[in-house]
Amino acid sequence: MEVEVLHRSGNLAVIQFASRNFPGIFAQGDTMSTIRDLLKPLEAQDLVGVDELTADRILEARDRLNELMAYYEEVLAARGISKPYL
């Protein structure tokens, strides 16, 4: 799989897979874990005063990030690689 790094800054990079039309964003697993940890405890009751549509979107974003991280952790486990976070 051919990948071109278009730009890198710290734990982030913009990359382009040869087979894709648009570049993607790469973030180190520990960076994503930190963001997940910020959102993980968020529940509907924490969003009192926020309109229902916005609250639903925030919780959906949290759930999608949890799914991405679960995939990341499954791949690491399958390859015998330790997570870079607890």
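Colleague: How many salt bridges does the structure hold?

Modeller: There are 3 salt bridges. Bear in mind that this is a predicted model.

Colleague: Which residue does Glu-73 form a salt bridge with?

Modeller: Glu-73 pairs with Arg-36, and their closest N and O atoms are 3.1 Å apart. The two sit in distant parts of the chain, 37 residues apart: Glu-73 belongs to helix H2 (residues 52-78) and Arg-36 to helix H1 (residues 29-39).

Colleague: Is Arg-36 buried or exposed?

Modeller: Arg-36 is buried, because its relative accessibility is 9% and the cut-off for buried is under 20%.

Colleague: OK, next one. What does Arg-62 do with Glu-43?

Modeller: Arg-62 and Glu-43 form a salt bridge, with 3.7 Å between the closest N and O atoms. That pair also links distant parts of the chain, with Arg-62 in helix H2 and Glu-43 in the loop between H1 and H2, 19 residues apart.

Colleague: And how far apart are the closest N and O atoms of Arg-62 and Asp-63?

Modeller: They are 2.8 Å apart, and Arg-62 forms a salt bridge with Asp-63.

Colleague: What is the relative accessible area of Arg-62?

Modeller: The value for Arg-62 is 11%, so Arg-62 counts as buried. Glu-43 has 36% and is partly exposed. Asp-63 is partly exposed as well, with a relative accessible area of 30%.

Colleague: Which residues lie nearest the centre of the largest pocket?

Modeller: Ile-25, Phe-26, Ala-27, Leu-68 and Tyr-72 lie nearest the centre, out of 14 residues that line the largest pocket.

Colleague: Which elements each supply at least two residues of that lining?

Modeller: Strand S2 (12-17), strand S3 (24-27), H1 and H2 each supply at least two residues of the lining.

Colleague: How do the lining residues divide into nonpolar, polar and charged?

Modeller: The lining of the largest pocket has 11 nonpolar residues, 3 polar and no charged.

How values were computed: Residues numbered from 1 in each chain as written. Predicted model: local features only at pLDDT ≥ 70, side-chain atom pairs only at ≥ 80, totals over all residues. Heavy atoms only, no water. Salt bridge = Lys/Arg side-chain N within 4 Å of Asp/Glu carboxyl O. Helix = DSSP H or I, 4+ residues; strand = E, 2+ residues; numbered from the N terminus. Buried < 20%, exposed > 50% of the residue type's maximum accessible area, 1.4 Å probe, protein only. 1 Å grid on protein atoms, 1.4 Å probe; cavity = no way out; pocket = protein on both sides within 12 Å on 5 of 7 lines; lining within 4 Å. Nonpolar A, V, L, I, M, F, W, Y, C, P; charged D, E, K, R; others polar.
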